[in-house]
Amino acid sequence: MKNLTLPIRFGIVTSACLMAYFLILALMGKHTNVFFSLFNGVITGFGIYETIKYTKMREGKAFTYGKGFTAGVTTGFIATLLFTIFFAFYSTELSSTFLSDLSEVWSKDYSNFEGIVFFTVAIMGFATTLVLTLSFMQLFKTSNNLKK
């Protein structure tokens with residue numbers, strides 16, 4: 001559990017940043033534009049990158065690919081779960097018209113539109129986490145190539 005405290009803390013901070021970004025967009029009335037959600041990947045990526053970097057600094061020579069991968073995935077999954085819970089709470093309790101404003105056509109065609117949106121938010125977060133963690137680990141892993 002001691003090895004997961006850093007990724008859990010970074011996951012909580014990353015989710016707080018995602019929530020703050022969403023609320024800032026909501027204040028400006030831009031939260032229904034899906035294009036702005038692309039920046040969520042930047043926020044999540046920064047959190048994952050910093051987690052892996054600090055894990056490597058903490059571990060030193062004992063840093064392995066598995067430890068870095070675990071740290072990155074844990075950070076991203078914690079951030080995604082917390083943000084998805086916040087998103088569900090916001091769209092059902094704080095702004096009941098948010099989902100219908102998000103997509104006029106889809107909300108009328110599907111009876112479980114809310115569940116589909118929440119599932120999509122979670123899957124997008126998990127996929128982003130895996131891709132970014134694998135990408136960042138290419139920067140942080142130790143090379144097995146012999147030096148000439």
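Student: What order do the elements of the chain run in from the N terminus on?

Tutor: They run α-α-α-α-α-α. This is a predicted model, where local features need pLDDT of at least 70, side-chain atom pairs count only at pLDDT 80 or more, and totals for chains, interfaces and linings use all residues. Residues are numbered from 1 along each chain as its sequence is written, and side-chain values use heavy atoms, with hydrogens and water left out.

Student: How do you know how many helices and strands the chain has?

Tutor: Helices (H or I, at least four residues) and strands (E, at least two) are DSSP runs, numbered from the N terminus. By that rule the chain has six helices and zero strands.

Student: What makes I12 buried, partly exposed or exposed?

Tutor: Buried means under 20% relative accessible area, exposed over 50%, and partly exposed in between (1.4 Å probe, protein chains only). I12 has a relative accessible area of 44%, so I12 is partly exposed. This residue lies in helix 1.

Student: And what share of the chain is buried?

Tutor: Buried residues make up 36% of the 148 residues. In helix 2, the buried residues include N40, I43, G45 and I52.

Student: What length is expected of helix 2, and what does it reach?

Tutor: The expected span is 1.5 Å times one less than the number of residues. Helix 2 (residues 39-59) has 21 residues. It reaches 30 Å from its first C-alpha to its last, close to the 30 Å expected. After helix 2 comes G60, with a positive phi near 65 degrees.

Student: Why is a set of residues called a nonpolar core?

Tutor: The name is used because its members are buried Ala, Val, Leu, Ile, Met, Phe, Trp, Tyr and Cys residues, joined through side-chain atoms within 4.5 Å. The largest such core here has 14 residues, and F22, F83 and F87 touch the most other members. Helix 1 (5-28), helix 3 (65-94) and helix 6 (113-140) each supply at least two residues of this core. Helix 3 gives the most, with six.

Student: Which residues is F83 in contact with, leaving aside neighbours within four places in sequence?

Tutor: Contact means heavy atoms within 4.5 Å. On that test, F83 is in contact with S15, L18, M19, F22, N40 and V121.

Student: Which contacts in the chain join residues at least 24 apart?

Tutor: Take the contacts between residues at least 6 apart in sequence: 77% of them join residues at least 24 apart.
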